Structure formats: C-alpha cells, structure tokens
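Come along while I look things up one by one.

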Amino acid sequence: MKFTDGYWLLREGVTAAHPVEVLDVTAPGPGTSGQGTLEIHAPTQPIRHRGDLLKGPVVTIRAHAPLPDVIGVTFTHFDGEQPRGPRFDVHREEFAVHTAYDDERATLTSGALSVRVARTGPWHVDFLADGRVLTGSGPKGMGIMRDATGAHYLREQLGLGVGTSVYGLGERFGPLVKNGQVVDMWNADGGTATEQAYKNVPFYLTDAGYGVFVDHPGRVSFEVGSEAVSRVQFSVESQQLTYYVIYGPTPKDILRKYTALTGRPALPPAWSFGLWLSTSFTTSYDEETVTSFIEGMRERQLPLSVFHFDCFWMREFNWCDFEWDPRVFPDPAAMLSRLKSKGLHICVWINPYIAQRSPLFAEGKALGHLLRRPDGGVWQWDLWQPGMALVDFTSPAARDWYAAKLEALLDQGVDCFKTDFGERVPVDVAYADGADPERMHNYYAHLYNRTVFDVLRKHRGEGEAVVFARSATAGSQQFPVHWGGDCEATYESMAESLRGGLSLGLSGFGYWSHDIGGFEGTPTPALFKRWLAFGLLSSHSRLHGSSSYRVPWLFDEESVDVLRLFTRLKLSLMPYLYEAARTARDEGVPVMRAMVLEFPDDPGCAHLERQYMLGPDLLVAPVFSDAGDVSYYVPEGTWTHYLTGRTVTGPRWVRERHAFDSVPLLVRPGAVIPVGAVTDRPEYDYADGVTLRAYGLERGAQVTVRAGDVTFTVVREGDTLRASCDDPSAPWSLAAGTRTARAAAGTGFLTLEPAED
C-alpha cells in the first residue's frame, strides 16, 4: 500500500506523523515488570518549549527480545484498543537481555544482535551485528498514516542495502527475488498464475544477514523496494504494529531462528514420501475405476504408496458431509480394506465448508458450530457449494465436532486428509471467541489445518500425521505437507509452481508438492514426462488433475517407463531424503532449497529460480521444454551427474539437451549420498544394504552421514575410502571393523551388506 506521491509529496488525502526525537527512555531493572525491554516515548514534532508538550501524536516504542539474535519492536499509537485475537504463537525463552542508554543512544542487545535508537540528531533506529548495521529505520520511516477515508495505518520502512535481495513472504508464483514487488498478505483462491497466494506469510529473508517477521495475522501490505526503492515498507491498519528482526548471519541460520520463533515443521511419515495417485477432480470414478488404476500400476511395476479420493467420494452438493456416496461406493469399509491389503495408504479430500444440502448444515447450525453474521444468522453464499457455510474453528466445541466426523473416517481405514480450501474467508462475520474478522482471514487456515493434523496425531501417533494442505500462514509449517494449488498443464505453470515452492521454503516451510502434469487441462505426453522428473525429485510427489486422469499409460508407454525410473530413483534416495526431512523438523531448513540458501556467498545464485538443491547435496534443474534443452548454473567445484557419472566444473553456466529419461541431477563435490537397497516402497530399513556413494572427496576428508538410525563416517585415505558406523551391534560386515573400497579420483561406492552368520 502506497502513501506517497513520489519523494516529496503525500498522496491526496493522506496525512502522516513520524517520530522525530526521543523524549525519554525506560529500561526496567532485574526483577521488575518489563525486565529486559526498552520503552521509548517519541513525539512526532520537535520539542522546543513546553508548548510543544501539549500536542500529539506521541508514539510508544518498545524493544524486546523473545530469543537470542531476535529483537522485537512494538510501535503503538493509541493503546486503548480492546485487544482482539487471533495472535501468532511466538515462542519465548528466558535468557540474558542487555539494555543500556545514555545521552547519545539507547541500546538493547539480544545475543549477537542489537537495536540502537539515536537520542541526538535525526531520528534513527539501527539493527547491528558483527560490528555493522544490518538495516534500520530512518527519518520518516516509521509513521502514523491516515488515508482519504480516515483509515488509520501504522507503517515502518527498513533500509535495503545495495545489492540486497529479498525472499519469502509465503508461496508466491512471481519472481523469486521480491525486490520491486508489492505484496499483500491476504489469502486467496487465485491459482498459481497471479499475484495472489494461498499461503501468505508475513516474513521475509534477505541475503544480507537478517530476516523480518511482521507479527500481524491479518492484512499486511509490503512494498519491497517499490514505493521507496531503497527500503522495505510494511503497513497494517491498526493502532499497534510489532515486528521482529532476526539475525543469521546465513540464510539457513535465519530460517533456524525464525522457525524456532514460530514453530518447526513436523516430520511426516516415511510412506508419505512415496508416489501418490489421485482419482483427479471432476473425472468419473467408482471402485472399479480405482481398482483398475491400482492394478495397472502394479502390473507395470510402478511403486505406489498412497491413493487419494478427491471431492466426489462424497455426494454432489453435500460437501462436506463426510459420508461416502452410496451410489458409487456402497461398502467403503470393505473397499478400503481391500486397498490397504495391497500395501496402500488412503487419503480423502475435505474442506472446511458445509453445503446447505449436507445433513451437517442443520446439525452445525443448531449446535452453533457454523460461522455467523453479526446479526446472528449463519453466513452463507453460493460460491463453490450452494448455500455453503464455514465451520467456526475458533470454537473448541466446533473443532471437536468437526474432528469427530474425521475420526469416523479414520476408523474406516482412511490414513490422511487433503485439507483443501480455507482461503475465501469473509470479514462480515462474528466469531464465537470474538476474534477480529480481519485478523482471522489468513489465520483461519491455520486453525483448520491444526484441527485436522491434531486428529491424525491423536489417532495415528506422533510421526504418522500428514495432511495435503493448500492454505496456510505463519506457523502453519508445523502441519505438513503443503502443495502448490491449481496450476495449468503448461511449462510456464510448471515453472511458476517451482517458484512458489522455493518461495515457500524460504518462508519456513519444510516440505512441498505440486500436481504432476498440471491441474487445469491435460498435459501433452512430453510435458507430462518432463513434469514427472520434477515431481519425483520434490519432497512429496502426487499425480493429480482436474478433468482428466493422470495414470501414465493414458499418455504413452514411454511415460510409464519414465515414471518407473524416477519413482524408483526417489525410493532409492530415501535414506538421503529422510535425513533432509529430519533437518527440516530439527532446524527448519527445507528439503527443497533455493540455490541462495546453500550458496549465499555466490552472487550467481541470488536470482536462480529454475533449479534448486534437493537436500544439501543434490542439484536439480527441471527441463521446461519438449526438446529437452536446459540451462543451469553450477557453483564452484567439480560436480558429478548422478545418473551418468559425468563431471562438470563450476562456477559456470551449462547448456544441455536431455531425453525424457534424464534430468540434470548433480552431486555436490565432497558429498556422500546414502543410497538405499529398496526401490519398491519408501518405508524400509535405510541402513540395511545401504550404498555410500562418495563424490570428489579430497584426500584426508571425513564426512558423516546418517541412514535411518545409523551414522556412518567415510574417510578418504590416499586413494582408499574407509567407512565405519557408530553401532557396534549393527548386522553389517563393517560392524567388526571397517569396510574399504578403492577410490578412483576421489569417487567411490561402498555397499554395506549384511554380515554372514
């Protein structure tokens, strides 16, 4: 949202008041209320005499520190507003926070990060670490703004250094680097081809050592080097604004600390990393159709882990009643039992809406579980489902009611839920807990997905809960997995989907998926095969469409071969991928990583958005053309093509042409990749029969890798690789000592086989 008309003027009807000096500073001492904070009163006009003390506004600025290397700034105009939720859950720890002030400045220090407010000269708030200013707010940066309608906004502008790139702000499908963009935090069901987003996260990350989290769950408007080209601006319609500056120094460190603040991703079950197949959306299907798909996959030796039933498992105009359509699925419990006997897990589609025709509408209305208008009537409209209402997830009773419907499905044999929708949330409503509708618009998705995830965690156990969610906001990374929404069957949409996934990963989300082949339309066989390679080299992989099926034999026989190849490749990489997933759980670093996350000091990686790192050591460059032409950037060192063994030395750009059974998949120099012995399922003993593939280890190098619950150490001694494990009781031949293999030019494979009795 813009307030100015160029550098000198305000827009017509806009008024502004900015703090210009520090009137006084308070720093409560140990054992007192507010310990470890700075409170500053700042008038918005110079105080020259007592007469200037008779008018306002005066802003209150409070600096505080929830975690080491994280500093919050709360900027308040009127403090008399009745507090209304929801609020993001922000984690806080007890630790030493240092405050100091004198006639020149007031300072608060949290770990290696400090905020310094100047008490003399022009207004300035600086954030410092490592002896340098990371960012800061200068004259006319922080402000109280009113527009022509009288609406009251608080605005902050933080400096953007020369060459600094900005990332994140949720799953956004435009350019990965956000500089020059206007980004509004307002969840919308807008597909992947517009500036709208299903997952808005008011957090941005920079390659200059810091990130910023705006602690407001409603509409936050970001001007990223757009209204003022050397500043990132954010504004909210409120009397109070809180933001946190998070010091890294590296992008990974920033994500670690941001997710420590807002929540780390859970670890999805191993089976969820296998291939998912869907009925698709508006296609015609029944149990016979489903069985034919599953048998077709088995006959063609295509490993399948999850089968998903989309919307029409329920009767039309009844979404949701959580009842199988008896005309199509007369005995769902028996059907699910048959499917699960084939080793499959089952997913079904749900949304948080209740159509008027659903029997649950009258039930929910009578119990008060549906979102109401201010006059007390149920809020309804005809978009998506005729007369549909929304479940009011601010009510504990409504959450329990909704959860009970899901529990009945779990008892039938359902394993997980695709939690669709949750974006089009009205503001002309009254929530059961009195929540502010503007603040609830984005946060609704968080409560919806948390409710479903908690049901799964309760009934399936820790580590077995997984959803397939479309809508999200800050903190929703705790309830994986998330997918990219409604993309088209085009190469352009494939590329925009990748941009969205990388942007989401830079916003604290650990796992991400997309509809292989595109959702809207039917892909050509060539596009389908290109998307298969990309899809199977993502954290989660699902075949799903809108009006057409996604079983590969409907495209061509080569599609079957390509799917088999890349599915088996992914399953063999499960020891490596699952360890990357553990890193997401433990540190908040995503499985699919923008290149800048791994190579922040390489300026060649700053804008890369058509390639990514899968975990720490595998570079993936999807092919976006029928002919197979692809260009990608290789950072410094000698990298190895995983599929061919060919090497390429960077830094340099590479141009190649790939067949459908190939994709640029390069191994980082000095890496050891644990490769599993199983290629027909994702859940197995990853250490049993594992092959440790060492790439370009320098002489004397020592690398530690984990496969399942076993940690291996690989050392290069001269031209010999030696591997040892940390478990003396492990049933491998190396358990008695070491297993060795000759290394050719620093590259070698060590296969660890079960010891003979």
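Where is G85 found? I looked, and G85 sits in the loop between β7 (70-76) and β8 (97-101). Strands here are DSSP runs of E with at least two residues, helices are runs of H or I with at least four, and both are numbered from the N terminus.

Before going on, I noted the ground rules. This is a predicted model, in which local features need pLDDT of at least 70 and side-chain atom pairs count only at pLDDT 80 or more, while totals for chains, interfaces and linings use all residues. Residues are numbered from 1 along each chain as its sequence is written, and side-chain values use heavy atoms, with hydrogens and water left out.

**Entry: G85**

I checked the surroundings of G85. G85 counts as partly exposed because its relative accessibility is 26%; buried means under 20% relative accessible area, exposed over 50%, and partly exposed in between (1.4 Å probe, protein chains only). I then found that G85 and D436 are 351 residues apart in sequence, yet 6.0 Å apart in space, C-alpha to C-alpha. Setting aside neighbours within four places in sequence, G85 is in contact (heavy atoms within 4.5 Å) with A435, D436 and R439.

**Entry: the cores**

Next I looked up the nonpolar cores, meaning sets of buried Ala, Val, Leu, Ile, Met, Phe, Trp, Tyr and Cys residues joined through side-chain atoms within 4.5 Å. The largest has 196 residues, and F213, F309, W324 and F417 have the most contacts inside it. Helix α6 (residues 437-460) gives the most to this core, with 9 residues. A second, separate core of 47 residues includes V22, A65, F127 and V224.

Apart from neighbours within four places in sequence, its contacts include C347, V348, L406, L410, V452 and L456.

**Entry: α5 and α6**

How do α5 and α6 cross, and at roughly what angle? The axes of helix α5 (residues 396-412) and α6 come within 10 Å and cross at roughly 45°. Axes are lines fitted to C-alpha atoms, for helices over the stretch in contact, with angles running from 0 to 180 degrees between N-to-C directions. That angle makes α5 oblique to α6; under 35 degrees counts as roughly parallel, over 145 as roughly antiparallel, 65 to 115 as roughly perpendicular, and the rest as oblique.

I listed who meets whom: in α5, residues including Y402, L406 and L410 meet residues of α6, among them Y448, V452 and L456. The residues of this contact divide into 8 nonpolar, 2 polar and 4 charged. Here Ala, Val, Leu, Ile, Met, Phe, Trp, Tyr, Cys and Pro count as nonpolar, Asp, Glu, Lys and Arg as charged, and the others, Gly among them, as polar.

A reminder to myself: most residues other than glycine have a negative phi, and most peptide bonds are trans.

I found a cis peptide bond joining W319 and C320, with omega about 5°. C320 is in the loop between β23 (306-309) and α3 (332-340). Another cis peptide bond joins P480 and V481, with omega about 15°.

Is F421 buried or exposed? F421 is buried, with a relative accessible area of 7%. F421 is not a glycine, but has a positive phi of about 65°, and lies in the loop between β27 (416-419) and α6. K140 also goes on my page, with a positive phi near 60°. K140 is exposed, at a relative accessible area of 58%, in the loop between β12 (132-137) and β13 (143-146).
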